[in-house]
Amino acid sequence: MPEVFIDGKRYEYEGQPMLLQFILDQGLEVPFFCYHPSMSIPANCRQCMVKVGTPVKDRETGEFELDENGDRKIRWFPKPQTSCSTPLQDGMVVHTQETSEEIARAQKDNLEFILINHPLDCPICDQAGECPLQIQTYKYGPEGSRFEVKKVHKPKHVDLGPRVTLDAERCINCTRCVRFTEEISETNQLTIVDRGDSNYPTTAPGETFDDPYSMNTVDICPVGALTSTDFRFKARVWEMNQTPSIDITNGKGCNIDLWTRDNEVLRITPRQNEDVNDYWMPDAGRDAYKLFNENRVDRPSITLDENNQSNTSWNNAIETFAEVIEANDPSDITIVGSPHASVEENYVFNKFFNLLGVSNAKFTPHVIPGSGDGFLITDDQAPNTNGCRVINLDETDDGAIQSVVSDAKVVIILSDDLIGRDVLTSSDLESPYTISLATNISDTTKASDLVIPITCVAEHAASYVNVDGRIQRSYPAKETKYTNRRLNLEMSEGRLDRFGTNFDNWVSEENKVDCLPLWEFLNKLADRLGLEFEYNHSREIFTELSNSLDVLSNVSYDRMDEEKGVQLPIKQKEVKA
Amino acid sequence: MAELSFTQEELDEIERLKDKFPTAKAATLRVLWLAQNKYGHVKDEVQNLVAEALDVPKAHVHGVARFYTQYYKEEKGKFVLDVCTCLSCQLCGGYDILHHLEDELGIQAGETTDDGMFTVNEVECLGACGYAPMLQVTNGVYVNNLTKEKVDTLLENLKNGNMPEFESKAMPELEKRNQAASE
Ligand code: SF4
Ligand code: FES
Ligand code: FES
């Protein structure tokens with residue numbers, strides 16, 4: 001196998017890796033800015049310099065030439081090389097900043113150069129705390145600068161598009177953002193204009209940066225030049241908790257992180273998963289943070305007289321729910337599951353009412369044909385259509401839902417805005433007694449007689465099966481009125497080192513929504529109805545599922561955690577419009 | 001500005017230029033040049049026209065146009081006089097030439113005369129330091145070893161539509177060296 005010597009240590013390699021990526025793969029480090037593993041390599045930041053040489057071979061014999069100590073003679077490249085663009089060669093010898101004074105010096109000088117015109121506004125810059133330039137400068141940079149002349153001033157707070165704001169002064173011209181629009185989102189909306197110390201990225205005249213993936217450039221910008229217009233100045237990264245989760249705005253199930261502070265989700269960023277979304281996610285998915293904070297169903301509510309919904313106590317809500325069930329024949333009750341709710345929720349929802357003799361839950365996929373783009377945005381608007389299929393809910397089209405609903409005396413809807421998405425009209429819900437188990441206020445909850453607030457994806461651990469049949473899970477990222485982060489072991493808690501700020505204690509009550517996980521609410525209802533039904537955790541539900549369903553055997557939360565989701569042996573069905 | 005367009009002849013020329021390069025993007029420089037010769041500038045609309053003709057992203061053409069100072073991103077005079085005031089020219093009186101031009105034409109560096117005839121720019125080294133001071137006429141001919149009189153004549157000639165000849169100069173040192181080598 002070919003070999004390479006990095007800082008005196010021997011490594012073997014396969015294929016044709018580039019030096020920088022190989023070094024990073026070994027858990028070693030060389031500072032860099034412009035390189036991104038998913039994009040082309042322009043080698044324009046010049047930060048990843050290393051010293052490289054190849055062994056000298058005798059032309060005739062093909063043997064290595066040796067020096068007087070019996071070591072291989074090395075022919076050094078005349079100048080430092082950018083490791084990102086240097087392919088490995090058999091026998092190559094590499095010195096990074098760890099073993100070469102010259103390289104350490106070159107990297108330091110390059111940083112000094114990059115910083116000539118970069119404003120030193122870390123204290124107010126949004127990138128502070130997660131800025132590669134800040135980190136590399138701290139680790140490898142100079143302590144001062146020889147450039148004491150005035151810095152060049154470029155355009156500031158420019159709205160490149162509806163979601164991205166540019167501060168051109170901070171740009172170090174790595175061209176990652178430009179390459180992103182050329183190679184990944186393929187809208188070609190950005191370019192670098194002007195040159196030397198006055199260049200910066202912008203759009204063509206009269207165009208706006210409205211790429212549906214525009215905010216990915218904010219993530220990959222190695223400085224604070226591109227910032228999220230929405231998130232700017234809202235919080236510091238070190239004040240927030242970061243919890244892995246799943247994008248619930250369409251069927252792809254992009255892997256994401258939820259950034260929370262004081263029980264509010266403040267931003268959403270993609271989490272790398274090469275089987276699903278690589279490093280990227282659509283802008284629409286990032287907007288979902290509002291769903292978790294705003295317009296929540298907070299406390300149960302009940303419609304007493306026509307159009308007059310008012311909050312009520314949990315006890316009263318349970319009592320009312322139970323009375324409605326007791327007063328009606330199971331055959332008069334229709335239950336509607338939801339591709340917007342998790343596997344666990346749909347399962348317990350269906351099981352609970354099955355135990356009461358109600359027939360299987362129906363569900364209707366939420367598909368808008370033509371809205372997908374073949375990349376990360378799908379026609380399927382829901383995160384768990386395949387999850388409903390896996391647990392064998394009754395898949396029907398919109399018309400069928402409408403007819404069963406109009407025949408029923410009681411309709412119970414799980415987390416699905418059937419009116420908002422034009423499956424039903426509010427008049428369809430006028431005659432049956434309608435109960436909604438919901439996370440957000442919607443046209444459907446407004447037309448319901450009883451609304452039970454349940455936890456959303458940001459508040460519970462649960463799994464979702466994406467359009468490609470991959471099951472992935474969420475973790476609770478924010479507390480509700482009744483969860484306790486110190487008792488709920490699924491929850492992440494502040495920074496790992498726990499030297500957080502007060503925010504880590506998440507003190508204010510007002511951001512905690514008064515809602516329950518569906519299974520906990522059903523426990524209480526079961527208690528009242530004398531039904532044998534109890535789950536303490538979604539993990540328990542999932543274990544039951546994986547024991548009873550073939551497709552889910554061998555699948556567990558632990559496996560999903562380890563493998564970032566598990567591909568199930570199911571094929572995507574023809575989507576019904 | 002009226003609707004811009006290329007004539008069939010120009011479009012054929014663009015096709016020909018495209019064929020010379022492996023990708024359409026690579027022909028951007030040449031086609032921008034063609035457009036500038038036609039319109040005298042490559043303002044935003046012209047850049048977009050070029051992007052359409054080449055079927056390449058607008059942003060790409062914009063980036064190229066803004067990279068090179070030789071492409072005029074605004075309307076200029078019929079003759080653009082780039083006066084070098086970089087070190088060699090400065091020492092040999094580049095600023096005197098510049099100020100003389102400014103006085104003669106009644107404009108400041110960077111401006112265009114009211115009749116649209118001349119634009120005067122102050123530029124960095126154009127690589128003719130050996131014949132300083134010098135200026136360049138509209139991305140083209142160099143006028144070297146300038147004196148005020150030479151400038152006056154130049155203006156007069158240009159007004160009458162006479163472009164100066166390209167002055168070729170041999171380097172005395174080089175000549176000596178060549179001679180030595182041939183002996
Ligand atoms: S804005 Fe950021 S990503 Fe784009 S070129 Fe500048 S530094 Fe790189
Ligand atoms: S990372 Fe290698 S030159 Fe930028
Ligand atoms: S300094 Fe004027 S041409 Fe070089």
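Hi everyone, let me start with a definition: a residue is buried if its relative accessible area is under 20%, exposed if over 50%, and partly exposed in between, with a 1.4 Å probe and protein chains only. This is a predicted model, where local features need pLDDT of at least 70 and side-chain atom pairs count only at pLDDT 80 or more, while totals for chains, interfaces and linings use all residues. Residues are numbered from 1 along each chain as its sequence is written, chains are lettered from A and ligands numbered from 1 in written order, and side-chain values use heavy atoms, leaving out hydrogens and water.

Let's begin with chain A. Helix α4(A), residues 176–184, has seven of its nine residues buried, so the rest of the structure largely encloses it. Helices here are DSSP runs of H or I with at least four residues, strands are E runs of at least two, and both are numbered from the N terminus. The buried set is A:R176, A:C177, A:V178, A:R179, A:F180, A:T181 and A:I184. What do they pack against? Their partners are β9 (190–193), β10 (200–203), α5 (216–220) and β11 (226–228) of chain A, with contact meaning heavy atoms within 4.5 Å. Just after the helix, A:E186 takes a positive phi of about 55 degrees.

Further along chain A, there is an open sheet of three strands, ordered β12-β13-β14 with antiparallel pairing; strands pair if DSSP finds at least two bridges between them. The edge strands, β12 (241–246) and β14 (264–270), each pair on one side only. Six bridges join β12(A) to β13(A), residues 255–261, and A:T243 has A:L258 as its bridge partner in β13(A).

Now over to chain B, and its helix pairs. The axes of α1(B), residues 8–19, and α2(B), residues 28–39, come within 10 Å and cross at roughly 155 degrees. Axes are lines fitted to C-alpha atoms, for helices over the stretch in contact, with angles from 0 to 180 degrees between N-to-C directions. That crossing makes α1(B) roughly antiparallel to α2(B): the cut-offs are under 35 degrees for roughly parallel, over 145 for roughly antiparallel, 65 to 115 for roughly perpendicular, and oblique for the rest. On the α1(B) side, the contact uses B:E10, B:E13, B:I14 and B:L17, and on the α2(B) side B:R30, B:V31, B:L34 and B:K38.

Last pair: α3(B), residues 44–54, and α4(B), residues 58–67, have axes within 9 Å that cross at roughly 125 degrees. These two helices are therefore oblique to each other.
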